[in-house]
Amino acid sequence: MRLFVSYLIGLVFGIGISISGMANPAKVLNFFDIAGQWDPSLAFVMGGALIVTFVGYRFVLKRSGPALASQFQLPTRRDLDLPLIGGAAVFGVGWGIAGFCPGGALPALGTANPDVFVFVAALVAGIIAAKTLRAALAGRASPTITPTL
Amino acid sequence: MIETAFTPFQSLAGGVLIGLAAVMLMGTMGRVMGATGILAGILQPSNLSDWSWRVAVVLGMVSGPVAVLAITGQFPAVQVPVSTPMLVIGGFIVGIGVTFGAGCTSGHGVCGMARLSPRSIAATLTFMLTTAITVYVIRHVLGG
């Protein structure tokens, strides 16, 4: 049941990404190219997704817990730190170079376009490299001092 | 550079489905619909039951374009105006950034922003800005 529901939710997400244009790097890059071929479509993706999630979360998170798991698992941190801001800044550079973000690229795998496989392979390599680096840094300098902004 | 048509209605409808998926995943599994977090949990599994729902979500995502093909008769457009070496470099950089930044467009930009999380708002503003700067530099300074 959990797997079937998870699959269906992934499917809804994948159809949404597909028709929104988020799986299309040309469209994504043109959204950010305000000085050139500007295509404002992705503002509608973000707007639609945000409004539905904002309203839907109000109802869902009022319940005592999720239907198929023991509890809601929500990030609780509220502080801003260097890994968060630096990581987000680095992510933007990569997104601007490639035009794919993880949520756009994973559904795009379903089109069997070879470029998507190249991107996702590099994405996975980057995630593994970053996790390895973070583990090495944590091992060398413990207790860690986290710089806060 | 490839010209793309302005598609407000499809994009809004797609955004609504993305939001519905986020709400349903929270309502059933109690999880944030973040592509980065779901993928990272597949690469570094903690236990089988945690690993399997993530794989099921990704299989569903990959089926999205196939469902669109079945309904409309064609795959959604995936036009890549970027060379293969740049895709590799961009993909690797995205992987590093989303790991340290703990999220991407779906996790921070949709789920976190919808919860008004200060971390997600700051992360989203940051990556939207650096993406725009990167695109500007590549297209208008370097002339790619």
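Mentor: Let us begin with chain B, where buried residues make up 58% of the 144 residues. Please keep in mind that this is a predicted model.

Trainee: What confidence does the predictor give to chain B?

Mentor: The mean pLDDT of chain B is 96, and 99% of its residues reach 70 or more. For the model, the scores are ipTM 0.97 and pTM 0.94.

Trainee: How many helices and strands does chain B have?

Mentor: Chain B has six helices and zero strands, so its elements, read from the N terminus, run α-α-α-α-α-α. Its C-alpha atoms fill a box of roughly 50 × 40 × 30 Å along the principal axes. Of the contacts in chain B with a separation of 6 or more, 44% are accounted for by residues 24 or more positions apart.

Trainee: Why is H1(B) described as largely enclosed by the rest of the structure?

Mentor: A residue is called buried if 20 or more other C-beta atoms lie within 10 Å of its own. In H1(B), 18 of the 22 residues are buried, so this helix is largely enclosed by the rest of the structure.

Trainee: How do you know that the span of H1(B) is close to what is expected?

Mentor: From its first C-alpha to its last, H1(B) reaches 31 Å, and 32 Å is expected at 1.5 Å a residue for its 22 residues. Just after H1(B), B:Gly30 takes a positive phi of about 70°.

Trainee: Which residues have the most contacts inside the largest nonpolar core?

Mentor: That core has 88 residues, and those with the most contacts inside it are A:Val12, A:Ala105, A:Phe119, B:Ala21 and B:Ala22. Helix H1 of chain B gives the most to this core, with twelve residues. Leaving aside neighbours within four places in sequence, A:Ala105 is in contact with A:Phe100, A:Val116, A:Phe119, A:Val120 and A:Leu123. In soluble globular proteins, nonpolar side chains tend to be buried together.

Trainee: How many residues of chain A are in contact with chain B?

Mentor: There are 103 residues of chain A in contact with 105 residues of chain B. On the side of chain A that touches chain B, H1(A) gives the most, with 18 residues. The residues of that side divide into 65 nonpolar, 30 polar and eight charged.

Trainee: What makes the phi of A:Ala112 worth noting, and where is this residue found?

Mentor: A:Ala112 has a positive phi of about 60° although it is not a glycine. This residue is found in the loop between H5 and H6 of chain A.

Trainee: Why is A:Ala112 called partly exposed, whereas B:Leu116 is called exposed?

Mentor: A:Ala112 has 13, so it is partly exposed. B:Leu116 has 10, so it is exposed. B:Leu116 lies in the loop between H5 and H6 of chain B, and its phi is near 55°, a positive value in a residue other than glycine.

Key: Residues numbered from 1 in each chain as written. Chains lettered and ligands numbered in written order. Predicted model: local features only at pLDDT ≥ 70, side-chain atom pairs only at ≥ 80, totals over all residues. Contact = placed C-beta atoms within 7 Å. Helix = DSSP H or I, 4+ residues; strand = E, 2+ residues; numbered from the N terminus. Nonpolar A, V, L, I, M, F, W, Y, C, P; charged D, E, K, R; others polar. Buried ≥ 20, exposed ≤ 12 C-beta atoms within 10 Å, placed from the backbone. pLDDT = per-residue confidence, 0-100. Core = buried A, V, L, I, M, F, W, Y, C linked by C-beta atoms within 7 Å. Expected span 1.5 Å × (residues − 1).
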